[in-house]
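Please look over the sequence and the 3D structure before reading on.

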Amino acid sequence: MAVRAVRFDAVTLFPPMFEAVSALGVSGRACESGIWSLHCWNPRDFTDNPYRTIDDRPYGGGPGMLMIPAPLQAAIGAARAAQDDAGLTSRVIYLSPQGKSLDHAGVMRLRERMQGGQGVVLLCGRYEGIDERVVERHVDEEVSIGDYVLSGGELAAMVLIDALVRQLPGVLGHDASAVEESYAAGLLDCPHYTRPEEYWRLKQSLARTRARRPDLFAAWCGRKLSQEEQRILAEVMAESGS
Ligand code: 4FV
């Protein structure tokens, strides 16, 4: 059964920000290979005034500015229509501190939905947020990535995309690593080590000493060696053919 490519549509004033996940690294490669796709819709492209206004002061006063409904509703509508054209249903997720905390289980639930033919529209606020009427009329779910306030929802949207795309078949070198990762088994991941640096240094000096000063090498080998030293010595012997 062909695995359906998952599709995200982001409503954002800053489409270039999303290149961090769509054009770089593991998620970028997966996007280029068609495992997932991203389309961006800028509310400024849906304004009907020469100033391309997309914000206004909060009704009843208060600090900062809010994103006004009309450009947002039009951009959401365009994203939903595009997903419908692609044969997908749509789920509109608003990234906000008032949302449900994103966790591994939430990522996996959303992955199931998307592999089952649901597109996700990621609504990214800026300023103090968006007019609540847009939330009431167009948002299916509010999601938060943490109890702090960002300058915009874009980073949160990319966190969600990255966490989900890593769980898609064929994205990570070997799907095993997705399973081994933290949380997949409900546990934190075990510590991982690359070979410690001093390992390299010892190996290099052993090989050089053996080559240039077999006397010193013999003396060193005659000492009480640790497990690690014995292992490194064996490697040096093996690699330089003894
Ligand atoms: C946020 C969060 C977040 C709030 C106002 C965007 C900002 C601005 N989104 N998890 N924490 N959003 O701080 O998701 O519009």
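Which exposed residues does the face of helix 2 turned away from its buried side carry? They are Arg29 and Glu32. Exposed means over 50% relative accessible area, buried means under 20%, and partly exposed lies in between, with a 1.4 Å probe and protein chains only. This is a predicted model, in which local features need pLDDT of at least 70 and side-chain atom pairs count only at pLDDT 80 or more, while totals for chains, interfaces and linings use all residues. Residues are numbered from 1 along each chain as its sequence is written, and side-chain values use heavy atoms, with hydrogens and water left out.

Helix 2 covers residues 25–32, and its buried residues are Ser27, Gly28, Ala30 and Cys31. Viewed down the axis of helix 2, these buried residues fall within an arc of 165°, so they line one face of the helix. The arc is that of the directions from the helix axis to the C-beta atoms. The cover over the buried residues of helix 2 includes helix 1 (19–22), strand 2 and helix 6. Contact here means heavy atoms within 4.5 Å. After helix 2 comes Gly34, which has a positive phi, near 85°.

Helices and strands are DSSP runs numbered from the N terminus: helices are H or I with at least four residues, strands are E with at least two. The chain has 10 helices and seven strands. Five strands form an open sheet in the order 2-1-6-5-7, with parallel pairing. Strand 2 (36–41) and strand 7 (141–144) stand at the edges with a single partner strand each, so one side of each has no neighbour in the sheet. From one strand to the next, the twist averages 30°. Two strands pair if DSSP finds at least two bridges between them. Strand 5 (residues 89–101) and strand 6 (residues 118–124) run parallel and are joined by seven bridges. Leu95 has Cys124 in strand 6 as its bridge partner.

Helix 6 (residues 154–165) lies across strand 1 (6–11), strand 2, strand 5, strand 6 and strand 7, and runs at about 155° to strand 6. Axes are lines fitted to C-alpha atoms, for helices over the stretch in contact, and angles run from 0 to 180 degrees between N-to-C directions.

Now consider the whole chain. Of its 242 residues, 39% are buried. The C-alpha atoms fill a box of roughly 85 × 50 × 35 Å, taken along the principal axes.
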